[in-house]
Amino acid sequence: MGPKNVANVQGKKSKAGMQSSVIAKAHGRNPSTIGTILKPKEAIKAATPSKDVTVFSSKRSHVHDEMERLLLIWIKDKEIAGDTITETIICPKASVIFGDLVQAQAKDNAGEGTSKQAPPEFKASRGWFENFNRQSGINSVVWHGEASSSDTKAA
């Protein structure tokens, strides 16, 4: 039972009139821990979240997923053609594909009279590229920089 569940069970038992020492014994906890949890519970419940706090979501728009799918198709085509593919080629191509998808989405939504939302943002950074490379499993990409220029024979 996790700590959150223990606190919930302890709260229900304290409402039922059980002493904190009995609750502590039942859950294998120290009675002072139970008291520490139960004492400020009303203050914690009454607390309001801070104003103007931005919540970041890890959810990505479907445009990001579609862009990465199209980019993988483009990369596979380049591999079949025998072209050398590098990070410096992939990142700008990803930005172009993303921009095209956003424009196409804006044209599709223009006639529907929907509320105007800010278009999704995308920056083809090194971090994005590393995550994309790891998740997609592409191994034929030539990496530029210190790691790719190291002397593999000496290593």
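This is a predicted model: local features need pLDDT of at least 70, side-chain atom pairs count only at pLDDT 80 or more; totals for chains, interfaces and linings use all residues.
**Entry on H6 and H7.** I looked up how these two helices are placed, keeping in mind that two packed helices are described by the angle between their axes and the distance between the axes. For H6 and H7 the angle is about 100° and the axes are 11 Å apart. H6 is therefore roughly perpendicular to H7, since angles from 65 to 115 degrees count as roughly perpendicular.

**Entry on the whole protein.** I then stepped back to the protein, which has 7 helices and 0 strands, so that I read its elements from the N terminus as α-α-α-α-α-α-α. Of its 155 residues, 21% count as buried. I also looked at contacts between residues at least 6 apart in sequence, and 63% of these join residues at least 24 apart.

**Entry on H5 and H6.** Next I turned to helix H5, residues 62–81, and helix H6, residues 87–110, whose axes come within 9 Å and cross at roughly 130°.

**Entry on H6 itself.** I wanted to know whether the length of H6 agrees with its number of residues. At 1.5 Å a residue, its 24 residues should span 34 Å, and the end C-alpha atoms are 34 Å apart, which agrees. Which residues of H6 are buried? I wrote down Glu87, Ile90, Cys91, Ala94, Ile97, Phe98, Leu101 and Val102. The cover over these buried residues includes H5 and helix H7, residues 126–136. As a reminder to myself, an α-helix has 3.6 residues a turn, so residues three or four places apart point the same way.

I looked up His64, which is found in H5, and it counts as buried because its relative accessibility is 12%, with under 20% as the limit for buried. Leaving aside neighbours within four places in sequence, His64 is in contact with Phe98, Pro120, Glu121 and Phe122.

Ile75 is also found in helix H5, and at 0% relative accessibility Ile75 counts as buried. Beyond its neighbours within four places in sequence, Ile75 is in contact with Ile85, Ile90, Phe132 and Ile138. I checked Ile75 against Ile138 in particular, and found that although they are 63 residues apart along the chain, their C-alpha atoms are separated by 8.7 Å.

Is Lys78 buried, partly exposed or exposed? With a relative accessible area of 27%, Lys78 is partly exposed, because that value lies between the limits of 20% for buried and 50% for exposed. Leaving aside neighbours within four places in sequence, I found Lys78 in contact with Asp83 and Ile85.

Note on methods. Residues are numbered from 1 along each chain as its sequence is written. Side-chain values use heavy atoms; hydrogens and water are left out. Axes are lines fitted to C-alpha atoms, for helices over the stretch in contact, and angles run from 0 to 180 degrees between N-to-C directions. Helices (H or I, at least four residues) and strands (E, at least two) are DSSP runs, numbered from the N terminus. The expected span of a helix is 1.5 Å times one less than its number of residues. Buried means under 20% relative accessible area, exposed over 50%, partly exposed in between (1.4 Å probe, protein chains only). Contact means heavy atoms within 4.5 Å. Angles under 35 degrees count as roughly parallel, over 145 as roughly antiparallel, 65 to 115 as roughly perpendicular and the rest as oblique.
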